Amino acid sequence: MSRNLTAYRVMATIVGVLLVVLCLVGVPLANFDGSPMWGVFDSTPAWVTPGSDVNHLGELITTYLGVAHGWLYMIFLLSAFLLSRRARWDLPFTLVTLVCGTIPLLSFWAEHRATKRVRAEHPELA
């Protein structure tokens, strides 16, 4: 189970960092130019100039990190699911852990929570 826990922790950290950069850096730089966004918001804050280097950087971040995060999130889901079966987590705990990989910063809390539980229930891993 030690390898399952390590794989889960590594993937949770990678996915969490990519999600923070994507949501807190890439999306604002790419989309906060005062124009409507995603057909949901009438206008966004005008923080960057459309077509500027900063705006282009934001578009690159959202494009490439978005794709990378999507693929790596699938690996995260698999590692978390395998750990959940091995550690015999109940369904609610498993679902919360899986969903937290989609919420910036919350993935770090979920990783800490899951690691704490595994180590408490399996002292041989501590």
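The radius of gyration of the protein, taken over C-alpha atoms, is 18 Å in this predicted model, whereas a compact globule of 126 residues would have a value near 14 Å; the globule rule is 2.2 Å times the number of residues to the power 0.38. Along the principal axes, the C-alpha atoms fill a box of roughly 55 × 25 × 20 Å. Residues are numbered from 1 along each chain as its sequence is written, and side-chain values use heavy atoms, with hydrogens and water left out. Because the model is predicted, local features need pLDDT of at least 70 and side-chain atom pairs count only at pLDDT 80 or more, while totals for chains, interfaces and linings use all residues.

The secondary structure comes to four helices and zero strands, which gives the pattern α-α-α-α when read along the sequence. Helices (H or I, at least four residues) and strands (E, at least two) are here DSSP runs, numbered from the N terminus. Contacts, defined by heavy atoms within 4.5 Å, were examined between residues at least 6 apart in sequence, and 63% of these join residues at least 24 apart.

Under "transmembrane region", the UniProt record lists residues 7-30, 61-84 and 91-110. Over residues 61-84 the chain is 100% helix and 0% strand, and the end C-alpha atoms are 32 Å apart; over residues 91-110 the chain is 70% helix and 0% strand, and the end C-alpha atoms are 15 Å apart.

The protein exposes about 7,500 Å², of which carbon and sulfur atoms supply 68%. Accessible areas come from the Shrake-Rupley method with a 1.4 Å probe, and for residues only the protein chains shown count as cover. Buried residues (under 20% relative accessible area, with exposed meaning over 50% and partly exposed in between) make up 35% of the 126 residues. One of the buried residues is His69, with a relative accessible area of 10%, which has its place in helix α2 (residues 53-87). When residues up to four places away in sequence are not counted, His69 touches Val15, Leu18, Leu19 and Gly101.

Three salt bridges were counted, a salt bridge being a side-chain nitrogen of Lys or Arg within 4 Å of a carboxyl oxygen of Asp or Glu. In one of them, Glu111 pairs with Arg9, the closest N and O atoms being 2.5 Å apart. This pair links distant parts of the chain, since Glu111 lies in helix α4 and Arg9 in helix α1, 102 residues apart. Glu111 is buried, with a relative accessible area of 12%, whereas Arg9 counts as partly exposed at 31% relative accessibility.

Asp90 forms a salt bridge with Arg117, with the closest N and O atoms 3.7 Å apart. Here too distant parts of the chain are linked, with Asp90 in the loop between α2 and α3 and Arg117 in helix α4, 27 residues apart. Both count as partly exposed, Asp90 with a relative accessible area of 41% and Arg117 at 21% relative accessibility. The side chain of Arg117 also meets that of Glu121 in a salt bridge (3.0 Å, N to O). Because Glu121 and Arg117 are four residues apart in helix α4, they are separated by about one helical turn, and Glu121 is partly exposed at 39% relative accessibility.

Key. Buried < 20%, exposed > 50% of the residue type's maximum accessible area, 1.4 Å probe, protein only. UniProt positions renumbered as here; feature names shortened; annotations may be inferred.
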